[in-house]
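The entries follow in the order in which I looked things up.

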Amino acid sequence: MMNKRNIGKSLLCGLVAFTMMTGCGNAASQDQNAGTETQTEGISTEESGTEEKTAAENDSNAETETEEQKCSWTDAIDGLSDDFMMGVDLSTVLVEENSGVKFYNFDGEEQDVFKTFADAGVNYARFRVWNDPYDENGNGYGGGNNDLATAITLGKRATEYGMRVFIDFHYSDFWADPNRQYAPKAWADMDLDTKSDALYQYTKESLKTLLDEGVDVGMVQIGNEINYGMCGETKLDNVITLLKSGSKAVREVSEEYGKDIDIAVHYTRIVDKANVLDLVSKLVDSELDFDMIGMSYYSFWDGSMDNMKRVLELIRERYNKKVFLAETSYAYTLEDGDGNSNSFASESDVVDGYPATVEGQASTIHDICAAVNEVGGLGIFYWEGAWIPVGPATADNSPIWEEYGSGWASSYASDYDPDQAGKYYGGSAWDNQAFFDFNGNPMESINVFKYMREGK
């Protein structure tokens, strides 16, 4: 995930709303417009998300909220399992630190950011892996320069603080998402069979190296947001061929090391319920060996919580696959920290009931977790919870972004990704969605993870 989206939002639940009370023991339904989607066989009009309600209808159907019905983000979520995944993607931590960023604890003391997250209740860390995110002269593409060596370094730190590790293979040299799925440079001219074998070997050797280095890998994601393709392939049959190679590699390593490692397939565009369900159906019909589906869900882009819940619920019910949110986040401020425009940038991005404040950020994550838990989901991963500025918004930070890869893209990525990185390279578009302020101090919202288990 990294492209800037501005999809209409319709989430109508909030900090004091009666519509999302799972964490307080009340699962009232939400009246929300999840967008218009294509209907497929076996999916009703209602399930396809085509129903719409006017503001007047919503008002007329609204219940009277009482003080007792209000649910705080500091409340524990009823029935939350001990192994519910409260994960954070921390892929840019190393380049942030190389750029001079320091992270602190609540006492103002410099502290390893992994310890701060672990102390706050985070039990899983996610790291993306790119094959070769460097140009021919060794200059990094940016966005974390997330090669295997970086994943090992960060994975060992996460393991040290008791977190399990979720490895996200993009099978690309740079960002892979719905708008781009470029094959790694070394695989670009391969036919499907050769590429499939290369992907198998790469996955197997990378995973073995991670385990040999002591990284506690618990999950592996084969591909990133692959709705419309993967690794340069756009035909679904070809994508499934590649997925089978990745899956085979993970299973073999898992057996060789006597270690249970779950295999996840990652989709986005959750508002298009019918399309997502069709994709999962085809994976199952093709007999792909995998354990779970991870979905991206950003409430400011991706429609209602009700729609998100229903998609997860249907995947579990129809295809007997585990489900979780592989990516989610929310802003705590509308300010820009580094002079590079943000993805969540204005009042038009704010979801009703969830202001762009520290409490609004925490409330969003609390309520999303409650919704996922309600339908039997395994957990959530917060995307890039520590990607803060490397310099003030008033400064020219481009030399730091270029040298260390701490911006979302550097100019060196232009040849590999000319349509996006070539035009828009720069800093972090996510600095106002971290759990740390622009100076590296943790905010109270980071504690939502432990409060969801035990309350404040």
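In which sense, left-handed or right-handed, does α5 pass α6? I noted first that this is a predicted model, in which local features need pLDDT of at least 70, side-chain atom pairs count only at pLDDT 80 or more, and totals for chains, interfaces and linings use all residues. Residues are numbered from 1 along each chain as its sequence is written, and side-chain values use heavy atoms, without hydrogens and water.

Entry on the helices. I found that α5 passes α6 in a right-handed crossing (the near helix is turned clockwise from the far one by less than a right angle). The axes of α5 (residues 192-212) and α6 (residues 236-257) come within 8 Å and cross at roughly 30 degrees. The two helices are therefore roughly parallel (angles under 35 degrees).

Entry on aromatic pairs. I counted 33 aromatic pairs (ring centres of Phe, Tyr or the six-membered ring of Trp within 6.5 Å). The ring centres of Y141 and F174 are 5.7 Å apart with planes at 70 degrees, so I recorded this pair as edge-to-face (planes over 60 degrees apart). Y141, at 3% relative accessibility, counts as buried (under 20% relative accessible area, with a 1.4 Å probe and protein chains only). F174 counts as buried at 0%.

Y382 and F435 lie 53 residues apart, and both are buried.

How values were computed: Axes fitted to C-alpha atoms, helices over the stretch in contact; angles between N-to-C directions. Helix = DSSP H or I, 4+ residues; strand = E, 2+ residues; numbered from the N terminus. Parallel < 35°, antiparallel > 145°, perpendicular 65-115°, else oblique. Phe/Tyr/Trp six-rings, centres within 6.5 Å; stacked < 30°, edge-to-face > 60°. Buried < 20%, exposed > 50% of the residue type's maximum accessible area, 1.4 Å probe, protein only.
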